[in-house]
Amino acid sequence: MTEKLKVLFVSSEVAPFAKTGGLADVVGSLPQAIKELGHDVRVVMPQYSKIDSKYLSQIEPVLYFRTRVVWRDDYVGVNKLERDGIINYFIDNKSYFDRTTLYENDDKHVQFAYFCRAVLEMLPKVDFKPDIIHCNDWQTGPLSIMLKEDYQIYDFYKDIKTVYTIHNLRYQGVFGKEILEDTLGLPYKYWNWGVVCHDDCVNYMKMGIEMSDMITTVSKTYAEEIKTAEFGEGLDYVMRMNGDDLYGIVNGISYKDNDPETDERIYANYNSGDLTGKSENKRGLQEELGLPQAAEIPMIGLISRLVDQKGLDLIASVIDELMEEEVQLVILGTGNNQYEKLFREIARRYPQKVSANIKYDATLAQKIYAGSDIFLMPSKYEPCGLSQLFSLRYGTIPIVRETGGLNDTIQSYNEVTGEGNGFSFTYYDAQDMLYTIKRTISFYQQKEIWTKLVKRGMESDFSWKSSAKEYLKLYSKLVDKKSN
Ligand code: ADP
């Protein structure tokens, strides 16, 4: 086993600095867990102007230099902020990262090509030579190929190995053929080799998969699913061909940053030994959202990007039947217009039962995890899913569809054996979901069983402890291969 490793995480979003989804949670907490196992871990991300001013004001300059992004001579500022003992580097160039959105920009192929190149160029300048560069999702796809093509001829870069983690295969970074030379500065031979293109387009995700030394994804079930046409998003053949280098490691969450006993964002603190604070959270949330303050009505929470993946059409198709039950439904999310409109409309029709919060709000999210009784995640597919893990941590029982990481983390309650930590349904079917919600509510009314489930969820361990060790094993395998 390798001794102290140096690892650099490269990501387009990192919590708490910038976040649109679970990727930020992962890169905001996994490095800490690996560091705690005795390794030197650092993180690098773009310095968006959207980063909360509370953090922006703490970022310190390290150095700056100029680099060439193909024909353009570009400024690269390298700044840093140390948080919980981890150095977070920020790549600063206002013309690329002073934008109103993270990913909805027409020149995103240039933004992230620049980011990958700037990260590679920064390393000798900050005197950090990682054993492993750990890339994440399509925004960092070009890094491995740039490393191999342009840098590994130099001693400094020679032994660096790359790991590429797929957090969601749907988002691939697909661009016109011309950007291969224009933007990435890569020779045309790569097009002919087929490692950078799919469907006659340059594909950043495929590049990352094909050119990195090892590939991981965020659950064992998803690692298998993406080799099939149903879940492979057109790249299932790539996943099958690279199957020997593909590993599924389930995500964890930070148990320190998400602790109902100390969390300052929620109405009252509590633990599995004393759940009175949990009822306080439900009451507080009902009051804040203008719902009837009734302790006995089961409250279902849903926090999600409002996109097709999340199974929202299932909810739409049985909403009237669901509203016949005595329930409250609290939604927090943003995304596709059609879903934003749908939930606003449902809340308008059922003001006593539904609260639709169409926005991004990290504090309200925490209040919903703490205040709800049940958390709904009927995803069509789910690489890992973190919301079900936050829910368990806050004593809120998840209802999930059995796919991807939901399948690997939630076992449906079995009334015969008493085993399980949530409720689940197999087929992507609205009636199956509705039946499962009703089944869950029937157990909610059996207080002894319910309390047992709540405590079991809170006392279970979905921290990074074991998954961080699995990542380390993979890193060591790569590094040991290198030294042989
Ligand atoms: P995905 O990465 O597909 O969005 P995950 O379940 O892995 O799904 O992670 C979603 C993360 O984003 C969770 O931390 C969840 O609480 C958070 N989140 C999603 N939508 C919102 C929102 N509107 N406001 C606050 N947090 C949100």
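Trainee: Leaving aside neighbours within four places in sequence, what is A370 in contact with?
Mentor: In this predicted model, A370 is in contact with P260, I266, K278, N281 and Y394, once neighbours within four places in sequence are left aside.

Trainee: Where is the place of A370?
Mentor: A370 sits in helix 15, residues 362-371.

Trainee: Buried or exposed?
Mentor: A370 is buried, because 30 other C-beta atoms lie within 10 Å and the cut-off for buried is 20 or more.

Trainee: How far apart are A370 and K278?
Mentor: Along the chain they are 92 residues apart, while their C-alpha atoms are separated by 6.4 Å.

Trainee: And for the protein chain, what share of contacts comes from residues 24 or more positions apart?
Mentor: Such pairs account for 69% of the contacts with a separation of 6 or more.

Trainee: Let's zoom out. How many helices and strands does the protein chain have?
Mentor: There are 20 helices and 18 strands. The radius of gyration is 23 Å, close to the 23 Å that the globule rule gives for 484 residues, so the chain is as compact as a globular protein of that length.

Trainee: What does the C-alpha trace span along its principal axes?
Mentor: About 65 × 45 × 45 Å. Buried residues make up 48% of the 484 residues.

Trainee: Into which domains is the chain divided?
Mentor: Domain 1 covers 6-252 + 465-483, and domain 2 covers 276-459. Their centres, taken over C-alpha atoms, are separated by 33 Å.

Trainee: How many residues from each domain does the contact take?
Mentor: Domain 1 gives 16 residues and domain 2 gives eleven.

Trainee: On the domain 1 side, which elements give two or more residues?
Mentor: Those are helix 1 (22-27) and helix 10 (220-225). The largest share of that side, four residues, comes from helix 10.

Trainee: What is that side like by class?
Mentor: The side of domain 1 that touches domain 2 has four nonpolar, eight polar and four charged residues.

Trainee: Back to helix 1. What about V27, buried or exposed?
Mentor: V27, which is in helix 1, counts as buried because it has 27 C-beta neighbours inside 10 Å. Leaving aside neighbours within four places in sequence, V27 is in contact with F9, S11, V14, V43 and N136.

Trainee: How far apart are V27 and F9?
Mentor: In sequence, 18 residues; in space, 7.3 Å from C-alpha to C-alpha.

Trainee: What is the phi of D200?
Mentor: Positive, about 65°, although D200 is not a glycine. D200 is in the loop between strand 9 (197-198) and strand 10 (201-203), and it counts as exposed because it has 8 C-beta neighbours inside 10 Å.

Trainee: And the phi of E233?
Mentor: E233 also has a positive phi, about 50°, and is not a glycine. E233 lies in the loop between helix 10 and helix 11 (236-241). With 18 C-beta neighbours inside 10 Å, E233 counts as partly exposed.

Trainee: Now helix 18. Which residues in helix 18 are buried?
Mentor: M433, L434, T436, I437, T440 and Y444 are buried. They cover an arc of only 160° around the axis, which puts them on the same side of helix 18.

Trainee: Why would residues three or four places apart point the same way?
Mentor: Because an α-helix has 3.6 residues a turn.

Trainee: What covers the buried residues of helix 18?
Mentor: The cover includes helix 13 (312-323), strand 16 (374-377), strand 17, strand 18 (423-425) and helix 19.

Trainee: How far does helix 18 reach from its first C-alpha to its last?
Mentor: Helix 18 has 15 residues, 430-444, and reaches 21 Å, close to the 21 Å expected at 1.5 Å a residue.

Trainee: And helix 19, which residues are buried there?
Mentor: L453, V454, G457 and M458. Their arc around the axis is only 130°, which puts them on the same side of helix 19. What covers them includes helix 16 (387-393) and strand 17 (397-401).

Technical notes. Residues are numbered from 1 along each chain as its sequence is written. This is a predicted model: local features need pLDDT of at least 70, side-chain atom pairs count only at pLDDT 80 or more; totals for chains, interfaces and linings use all residues. A residue is buried if 20 or more other C-beta atoms lie within 10 Å of its own, exposed if 12 or fewer, and partly exposed in between; C-beta atoms are placed from the backbone. The arc is that of the directions from the helix axis to the C-beta atoms. Two residues are in contact if their C-beta atoms, placed from the backbone, lie within 7 Å. The radius of gyration is taken over C-alpha atoms; the globule rule is 2.2 Å times the number of residues to the power 0.38. Domain bounds come from an automatic or database domain assignment. Ala, Val, Leu, Ile, Met, Phe, Trp, Tyr, Cys and Pro count as nonpolar, Asp, Glu, Lys and Arg as charged, and the others, Gly among them, as polar. The expected span of a helix is 1.5 Å times one less than its number of residues.
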